[in-house]
Amino acid sequence: MHKIRLLIYLLAMSFSLVSCSNILREFAKKDTDEALLYEAKKNMNDGEWTAAIANFDSMSASFLKKRDVVLQHAKAYAGRCGLDLLQLFEDLSSNLSSGRLYPLLMSAFTNATTTNVDDCGEAENLLISIAASADNRTSEENTTLAFISFAKLGTIFSAFADESTADGSTDGDFNACQDNQTPGIPEAYVREVGISIAIASVSLTAAIAEGGLSGGDELNSISSVCSALDDLSTATGLDLNFCDQTDPNSLTSEQVKAIRWTMIDNQVIGLGGATSCDLSETALVATNCGVVCPP
């Protein structure tokens with residue numbers, strides 16, 4: 001656990017720590033890519049995420065494609081999304097053994113809006129642009145990407161399932177089966193939930209295979225649901241497991257419905273709400289989830 005905390009601490013610090021090398025040169029030439037990156041890191045260190053993003057917007061296209069710059073660029077958007085990497089790690093590591101992943105993520109991003117969702121989505125896209133396959137990303141990149149995906153999930157849940165009182169708890173009238181803004185969730189955001197689960201899953205799997213020490217409990221939580229959907233897919237002949245689908249447009253209507261099931265679940269991973277079901281009884285999922293969540 002100490003090693004895991006140290007790794008997450010180092011990743012979190014890399015959101016903000018600014019190199020002091022060549023300070024005089026950086027101050028002397030404020031319009032160079034290197035100077036803009038220096039300013040961006042200073043702004044990130046101060047929590048000035050919009051200013052940092054503006055710094056990145058002023059950099060040359062070729063400089064922005066550098067791997068280390070892409071990582072920092074993604075972290076700027078993740079910061080504006082609301083992600084505090086160390087705090088999220090601590091929240092999940094302390095509470096996941098006795099709580100469900102979705103509610104824990106939602107409570108970590110109270111008062112989030114769809115604007116925050118968009119920022120996390122941009123951070124996801126930037127890191128994926130480094131390499132489409134998780135196997136071709138570093139352990140740091142994959143771990144950071146996974147927690148950005150968790151942040152995106154938390155902001156989506158907060159924006160739609162905790163909009164009435166913004167207290168970190170699921171609204172009593174929230175119904176993830178409904179394809180609307182209130183009290184449900186539009187399909188476009190349901191699809192984003194699905195791909196963020198998939199991105200987090202494949203990224204953590206690769207990071208741990210590379211020797212990464214964080215995200216194991218979170219991965220287990222996701223895997224339990226994915227395994228249940230696999231079993232149900234076998235029983236029904238339908239492809240319900242969306243856990244390897246990282247493109248929202250590739251999700252089938254059955255998989256979109258399965259994503260909604262994970263949200264109305266109140267036992268394994270989900271938010272519950274006005275309409276609830278139990279994903280832990282795999283043989284009954286089509287009954288206890290499907291009936292209460294129409295297509």
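View 1. Cys-289 is buried, at a relative accessible area of 0% (buried: under 20% relative accessible area; exposed: over 50%; partly exposed: in between; 1.4 Å probe, protein chains only). The model is predicted: local features need pLDDT of at least 70 and side-chain atom pairs count only at pLDDT 80 or more, while totals for chains, interfaces and linings use all residues. Residues are numbered from 1 along each chain as its sequence is written, and side-chain values use heavy atoms, with hydrogens and water left out. Cys-277 is bonded to Cys-289, S to S 2.2 Å (a disulfide is a pair of cysteine sulfur atoms within 2.5 Å). The link is right-handed, with 85 degrees about the S-S bond. Cys-277 sits in the loop between helix 13 (253-264) and helix 14, and Cys-289 in the segment after helix 14, 12 residues apart (helices are DSSP runs of H or I, at least four residues, and strands runs of E, at least two, numbered from the N terminus). Cys-277 is also buried, at 4% relative accessibility.

**View 2. The disulfide of Cys-177 and Cys-293.** The sulfur atoms of Cys-177 and Cys-293 are 2.3 Å apart. This link is left-handed, with -130 degrees about the S-S bond. Cys-177 belongs to the loop between helix 10 (139-161) and helix 11 (187-209), and Cys-293 to the segment after helix 14 (285-288), so the bond ties together parts 116 residues apart in sequence. Cys-177 is buried at 11% relative accessibility, and Cys-293 is buried at 0%.

**View 3. The disulfide of Cys-81 and Cys-120.** Cys-81 and Cys-120 are joined with an S to S distance of 1.8 Å. The pair links distant parts of the chain, 39 residues apart: Cys-81 in helix 6 (residues 67-81) and Cys-120 in helix 9 (residues 114-130). The value about the S-S bond is -85 degrees, a left-handed link. Cys-81 is buried at 2%, and Cys-120 is buried at 0%. The structure holds four disulfides.

**View 4. The packing of helix 3 and helix 4.** Helix 3 (residues 33-45) and helix 4 (residues 49-57) pack at about 165 degrees, their axes 8 Å apart (axes are lines fitted to C-alpha atoms, for helices over the stretch in contact; angles run from 0 to 180 degrees between N-to-C directions). Helix 3 is therefore roughly antiparallel to helix 4 (over 145 degrees; under 35 is roughly parallel, 65 to 115 roughly perpendicular, the rest oblique). Residues in contact (heavy atoms within 4.5 Å) include Leu-36 and Met-44 in helix 3 and Trp-49 and Phe-56 in helix 4.
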